[in-house]
Amino acid sequence: MSTDDVLAEVGPRLRRIRKEREVTLAALSEATGISVSTLSRLESGLRKPSLELLLPIAQAHQVPLDELVGAPPVGDPRVRSKPIVRGGRTHWPLTRQPGGLQAFKVLEPQRKQEPEPRTHEGYEWLYVLSGRLRLVLGEHDVVLSAGEAAEFDTRVPHWFGSTGEGPVEFLSLFGPQGERMHVRARPTSRK
């Protein structure tokens, strides 16, 4: 629906709301400070609605501004996604829109792995829900426990996974660049 179509529906909606409340144009004019002729032209579509006219009308009728302009109803905000299994790791997408910030709940099974640090553009945030998460970031090799978070520049070589002591469940947030990862050469040896 175009902006002109939405605006064309405002006038009839204003008239319907006013009549449902059994309010005259004169009474509405007195309550809003808007002249009777301006109100009449708004309702008939001869005057385009503006925020400075609609706000006092919404207040006088005690309705949200959305009701006057016919804003579309807000859809169900719940994200219902199917788990994705990649490399033994289970990911539950927590965002619906591709691009922009991406959020995932991740379950990493108990396993011992040799870290293979990677790099990509952007930043990543990790938050451990349960278990222990090993994070290798540049020269740092740390273990995060439940309730701990990490934030890092993903251009620094990084890897994260199970400590090998049990499964770990965590949240991962990253920008659109995080989807375009590329492998970086393995570090020589760990001390």
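Buried here means under 20% relative accessible area, exposed means over 50%, and partly exposed lies in between, with a 1.4 Å probe and protein chains only. The model is predicted, with local features needing pLDDT of at least 70 and side-chain atom pairs counting only at pLDDT 80 or more, while totals for chains, interfaces and linings use all residues. Residues are numbered from 1 along each chain as its sequence is written, and side-chain values use heavy atoms, with hydrogens and water left out.

**Stop one: helix α1**

Select residues 3-20, which form helix α1; helices (H or I, at least four residues) and strands (E, at least two) are DSSP runs, numbered from the N terminus. This helix of 18 residues reaches 26 Å from its first C-alpha to its last, close to the 26 Å expected at 1.5 Å a residue, where the expected span is 1.5 Å times one less than the number of residues. Centre on glycine 11, where α1 has a kink of about 25 degrees shortly before proline 12; the bend at a residue is the angle between axes fitted to the seven residues ending there and the seven starting there. Then colour Val10, Gly11, Arg13, Leu14, Ile17 and Arg18, which are buried in α1. The buried residues of this helix pack against α2 (25-32), α3, α4 (51-61) and α5 (65-69). Just after α1, glutamate 22 takes a positive phi of about 55 degrees.

**Stop two: the salt bridges of glutamate 43**

Next show the side chains of arginine 18 and glutamate 43, both of them buried. They form a salt bridge whose closest N and O atoms are 2.6 Å apart, a salt bridge being a side-chain nitrogen of Lys or Arg within 4 Å of a carboxyl oxygen of Asp or Glu. Because arginine 18 lies in helix α1 and glutamate 43 in helix α3, this pair ties together parts that are 25 residues apart in sequence.

Arginine 15 is partly exposed, with a relative accessible area of 32%, whereas the value for glutamate 43 is 4%. Salt bridges that share partners join Arg15, Arg18 and Glu43 into one network, and the structure holds 10 salt bridges.

**Stop three: the largest nonpolar core**

Move on to Leu126, Leu133, Leu135, Phe152, Phe160 and Phe170, the residues with the most contacts inside the largest nonpolar core, which has 14 residues. A nonpolar core is a set of buried Ala, Val, Leu, Ile, Met, Phe, Trp, Tyr and Cys residues joined through side-chain atoms within 4.5 Å. At least two residues of this core come from each of β3 (102-108), β5 (123-130), β6 (132-137), β8 (149-153) and β10 (168-174). Apart from it lies another core, of 13 residues, among them Val10, Leu14, Ile17 and Leu39.

**Stop four: histidine 158**

Finally, select histidine 158 in strand β9 (residues 158-162), a buried residue with a relative accessible area of 5%. Leaving aside neighbours within four places in sequence, its contacts include Glu116, Arg118, His120, Glu124 and Phe152, contact meaning heavy atoms within 4.5 Å. The side chains of histidine 158 and histidine 120 are joined by a polar contact of 3.4 Å; such a contact is a pair of N or O atoms within 3.5 Å, and within protein one must be able to donate a hydrogen and the other to accept it, with residues adjacent in sequence counting only if both atoms are side-chain atoms.
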